[in-house]
Amino acid sequence: MPHYITTLTIAGSDSSGGAGIQADIKTMSALGCFATSVITAVTAQNTTGVKAIHHIPADIIAAQIDAVLDDMPPMAIKIGMISSAEAAQVICDRLRKVRVPIVLDPVMTSTSGHSLSAMPVMSYVMTHIAPLATVITPNIPEARLLSGMDISSAADMTAAAKMLARNTGCNILLKGGHLGTGKTIDILVDREAKHETIYEHDRIDTRNLHGTGCTLSSAIASMLAKGLPPQAAIAAATDYVHSCIRAGGNVSAGKGQGPLNHFSHPLAMEIREK
């Protein structure tokens, strides 16, 4: 019987619809995948910032994962916001035996600067969940905290990515949007910290960047689910995100940092024969 290319996002909910679970589902759907979800936290937020966070109990997170894995096993998984040590532990326990690509977005703060994951939680994530991942996608502020290194240039990005790759044994995609140069530069370092690939795009002058990291990580997961190797999956995903930023760059949505246009170039839902 034919089947959809199913993906899973494990992340927090964003009431504004621009980031988190909502951005992940939009992205995966726009790229032709069937998105399933596990909600780790419910946030009250809009384009101006995060107002409140409710942490979902760890047993409910575990039950959500079990329900999806038992009935609709995904072909790739994206992990975003993990707001408690208990949540991190059950996610690690459930995914330890899963043999599909995993994209880990080590979300620590929102676009507006609100703390979403404490450093002890992220330390557990990087020690226990990161080794299960295919690609980890920190931005520069996250990489600074995780590596303890100052990052103010592309060379610094490469050095930090290599350190994280050696520490985790995982491919590291360090996102360079925070450098503020005329180009956006993302650098992929392989799990052995021997090779690097640079993805470069023209910078778009817009404040509508809410959910960019969530969108990129779920786009990578979608491309991995379709069978692309990491380097090609990241190339396709970064192109997609760039097109979403461009399409939504001049659109007003809220009083602060608006969302991307996830459906600017949608693909039909893919159906494959088993």
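Strands S3 and S4 form a hairpin with 2 residues between them, where strands (E, at least two residues) and helices (H or I, at least four) are DSSP runs numbered from the N terminus. The structure is a predicted model, in which local features need pLDDT of at least 70 and side-chain atom pairs count only at pLDDT 80 or more, while totals for chains, interfaces and linings use all residues. Residues are numbered from 1 along each chain as its sequence is written, and side-chain values use heavy atoms, with hydrogens and water left out.

The pairing of S3 with S4 is antiparallel over 6 bridges (two strands pair if DSSP finds at least two bridges between them), and Gln-45 has Val-50 in S4 as its bridge partner. Both strands belong to an open sheet of 9 strands with mixed pairing, in the order S4-S3-S2-S5-S6-S7-S8-S9-S10. Strand S4 (49-55) and strand S10 (196-202) stand at the edges with a single partner strand each, so one side of each is left without a neighbour in the sheet. Strand S2 (residues 6-14) pairs with strand S5 (residues 76-79) in the parallel sense over 4 bridges, and the bridge partner of Thr-7 in S5 is Ala-76.

Met-269 is partly exposed, with a relative accessible area of 36% (buried means under 20%, exposed over 50%, and partly exposed in between, with a 1.4 Å probe and protein chains only).
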